[in-house]
Amino acid sequence: MATYKLQINGRTYEADVEADTPLLWVLRDNLGLVGTKYGCGIAQCGACTVHVNGDAVRSCVYPVSAVGTSKVTTIEGLSEMGDHPVQLAWDEVDVAQCGYCQAGQIMAATALLNKNPNPTAEEIDNTMNGNICRCGTYHRIREAVALAAKKTK
Amino acid sequence: MSSLSKPSRRNFMKLAATASGGLFLGFSWTSSVASAMEVVSDTAIAAGKIEFNSFLALSPDGIVTILSPNPELGQNIKTSFPMVVAEELDADWTKVKVVQAPLDTKKFERQLTGGSGAVPHSWERLRKAGATARYMLVEAAAKRLKVPASSLTTENGMVVHQASGRKLSYGELATEASKIPVPTDVKLKDPKDFKLIGTAVRNVDNHEMITGKPLYGLDIYKEGMLFAMIQRPKAFGMKLKSVDAAAAKAMPGIVDVVTFKNNVAVVGKSTWQVNKARKALKIEYEKEATLESSADHDRIFKELLDSPDVTVRRKDGDVDAAFKKAAKVIKSEYQCPFLPHSPMEPMNFFAHVREDGVELAGPTQTPEMARGMVAKMLNIDPEKITLELTRLGGGFGRRLSADYVLEAAELSSIIKAPVKLIWTREDDTTGGTYRPAVRYRFEAALDEKGNMIGYKLRGVGMNAGNPTREDNFPSGAVDNLLIESVDHKSPITTGPWRAPITNFLAYAEQAFLDEVAHEAGKDPVQFRLELLDKAKKSPVGEIKYDIDRMKGVIDLAVEKSGWGKKKGVAQGFSVYFSHRSYVAQVGEVEVKNGAPVVTKMYAACDCGMVINLSGANQQVKGGIIDGMGHAMYSKLSFKDGAPDQSNFNNYRLIRLKEVPEVDVHFVNNGIDPTGLGEPALPPTGGAVANAIFKATGKRLRNQPFIEQAELKTV
Ligand code: FES
Ligand code: FES
């Protein structure tokens with residue numbers, strides 16, 4: 001066990017955990033940030049996507065010891081009021097069915113738009129293909145990412 | 001205005017206003033409640049002690065609160081049910097608040113999610129609830145304004161006196177309305193006056209979902225709660241022999257390792273710690289039943305298809321004679337594999353078994369059954385068990401089984417502590433209760449003119465009881481018909497999977513009918529329409545589907561897809577009636593780089609009236625993606641009783657890039673809603689297989705398509 005100081009959503013958190021604990025479980029079990037979801041644990045589904053220094057990463061395979069002083073953003077930190085353009089687009093398009101995969105989808109989409117504010121349909125597909133939605137909201141995910149890109153302009 | 005057909009008994013109970021005022025209306029989810037209900041006092045409400053069936057509350061600030069009793073798993077019930085209440089109430093939708101109700105079978109009836117049955121079950125009850133409250137508000141306004149109630153109208157949360165232009169909001173009338181006697185009968189709107197029903201309304205939980213609020217079972221973290229994972233036998237047919245937990249127990253954060261039934265549970269202080277410690281268990285198993293492999297299943301299916309020991313499900317005419325005189329006989333077999341449900345949120349449940357009662361919380365499609373089973377297992381009065389319903393991260397039928405609820409409760413009773421039991425994705429994929437594999441043999445007899453004069457289906461299933469639906473189309477349309485089934489009892493655990501039985505059966509039937517139409521030299525749509533005409537003019541035996549509704553969706557699909565009119569586009573057709581609704585689909589396929597690619601799907605649906613267009617649209621698209629994804633890519637196979645696949649790296653689910661464009665249409669026939677959670681899925685596999693045939697000349701008689709040799713040689 002060791003104590004880790006983590007920069008998450010603009011705040012400093014402390015967690016007393018083993019070095020190999022995935023960031024996902026530190027967020028959920030230790031810090032009460034449960035918006036980041038567990039789906040597979042092996043970097044296959046994207047439900048656990050968060051940003052580390054702006055990059056989308058799979059927190060289920062990202063050991064807490066690798067975070068260091070990097071800045072982590074989770075779904076809870078995307079915006080104060082839930083009004084980030086990507087969140088607004090997700091509401092407007094009414095994307096979610098069960099909703100379980102959607103935090104990961106939103107984080108993946110946001111990382112894409114931060115780097116590439118004007119993605120082509122193909123670029124959207126390439127990024128979002130990494131996130132599974134078992135309910136099959138894929139059409140709306142495509143639509144919402146495109147709408148969010150428009151809103152950010 | 002249409003009046004209710006049945007004079008209703010007193011199904012509504014007015015609950016007296018609380019100290020702060022407002023109208024509270026208890027309404028029953030059943031129309032057969034015999035006992036009259038009484039008005040209860042506000043102290044009872046304040047103490048939360050009211051025994052009513054459900055409630056709708058209108059507070060002086062105009063907020064309408066509606067309790068939603070059914071588990072929400074993405075079927076959008078938490079939005080669509082309140083829409084129905086709000087429609088009859090003429091409420092301002094922006095002021096409607098929906099609250100998930102806990103399990104309470106005294107208050108709610110049919111508090112489960114499954115079988116696409118919730119909407120048809122509750123439709124009239126929900127409408128009456130809204131109409132009753134509206135009636136009381138209008139009466140209250142009439143008193144206040146001293147005008148006849150008949151001179152008042154309602155809109156958007158207001159009672160309006162057109163003649164004088166005066167308006168009163170529901171909020172300001174709420175307390176007075178609570179003093180109006182509850183009507184025993186109310187008029188419902190004429191559906192053509194619906195303003196909210198049939199429109200696209202956003203999910204009421206959107207904000208919570210997109211901001212990451214705790215909504216799901218896995219998000220439960222309670223005071224003093226421990227975490228647990230269970231090691232179950234790695235193969236079906238194995239049982240626990242011995243456990244060496246020394247190493248696991250010595251690991252950090254581990255509180256205990258306990259054994260019950262065939263389970264070895266590791267209990268600790270965090271998810272990751274129990275996950276790691278579980279890997280350090282040394283467990284020996286021994287065989288207690290046959291360890292079946294997929295190769296065994298293939299052999300068993302082939303044997304059973306020729307077994308003399310079958311159950312006859314339906315028999316019309318003389319099949320032997322028809323096949324003897326046939327000009328042409330077509331015979332084909334279809335097979336589908338085992339499938340796990342793979343909801344994105346794996347199984348989990350919280351349980352706290354105390355001396356004086358049990359607290360349960362988590363995702364289940366059948367809270368009442370789960371509670372009953374826990375009560376029985378622990379030998380405790382069900383009244384002493386509370387069950388908090390969380391939003392479900394998908395269900396697909398998996399959470400109709402309560403195995404994981406029982407595990408959590410039993411574990412908590414042993415360790416005497418509150419505990420959250422977590423299944424990993426691997427547990428979820430390998431832990432059973434699958435959609436069982438199935439094989440079908442179809443035979444059709446054609447006369448010289450290409451009319452189908454004989455039809456035979458034998459379905460061999462596993463733990464399925466009856467893997468056929470003997471009264472579905474084409475039954476009733478063929479003079480000589482025989483439907484039989486055989487079942488193999490397997491130690492692999494199985495259970496319902498979204499659109500039980502029909503999920504595979506519809507694919508096989510619709511693909512086979514395409515083969516028959518082709519052999520008969522007929523257009524696949526025309527072939528089906530001829531059969532339906534025959535069923536209409538000279539029905540054979542009992543017909544349990546509505547011929548006109550089926551024709552309605554066929555016509556709509558033909559129109560929207562431009563069936564048969566598009567040059568250079570390979571189309572496949574399919575139509576199916578299941579779970580009370582009708583869906584016809586057309587698939588379009590192109591061959592790209594030597595592989596068939598599904599480029600577009602059309603769906604024409606008759607699910608009666610559409611309540612929420614946004615939810616309904618997505619339900620159909622999601623059903624098609626589910627049906628197509630599993631038909632194309634998914635398979636769970638076994639070696640010596642153990643699944644070969646365990647997670648999304650080796651068990652394939654459809655992803656975004658593989659999804660075709662989907663064009664959804666609804667038949668608008670004013671029929672009361674008949675449900676949509678399942679019916680869009682069954683026809684998809686057939687539409688896809690038939691389109692692939694059209695594009696490539698290859699018949700796909702086994703799922704998943706991607707593995708079939710036929711596709712590799714395109
Ligand atoms: S949970 Fe991390 S990718 Fe699936
Ligand atoms: S909305 Fe259910 S898994 Fe995506």
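A: Buried area is the accessible area, taken with a 1.4 Å probe, that two parts lose on being put together, summed over both. This is a predicted model, in which local features need pLDDT of at least 70, side-chain atom pairs count only at pLDDT 80 or more, and totals for chains, interfaces and linings use all residues. Residues are numbered from 1 along each chain as its sequence is written, chains are lettered from A in the order in which they are written, and side-chain values use heavy atoms, without hydrogens and water.

Between them, chain B and chain A bury about 4800 Å², with 55% of it on carbon and sulfur atoms. On the chain B side, B:Ile210, B:Met344 and B:Leu656 lose the most area to chain A, together 18% of what that side buries. Contact, meaning heavy atoms within 4.5 Å, takes in 61 residues from chain B and 50 residues from chain A.

Six salt bridges are counted between chain B and chain A, each a side-chain nitrogen of Lys or Arg within 4 Å of a carboxyl oxygen of Asp or Glu. One of them joins B:Asp626 to A:Arg134, with the closest N and O atoms 3.1 Å apart.

A:Arg134 also belongs to the lining of the largest cavity: with A:Cys133, B:His630, B:Leu653 and B:Ile654, A:Arg134 is among the closest to its centre of the 14 lining residues. A cavity is a set of points on a 1 Å grid over the protein atoms alone where a 1.4 Å probe fits but cannot get out, and lining residues have an atom within 4 Å of a point.

Terms used: 1 Å grid on protein atoms, 1.4 Å probe; cavity = no way out; pocket = protein on both sides within 12 Å on 5 of 7 lines; lining within 4 Å.
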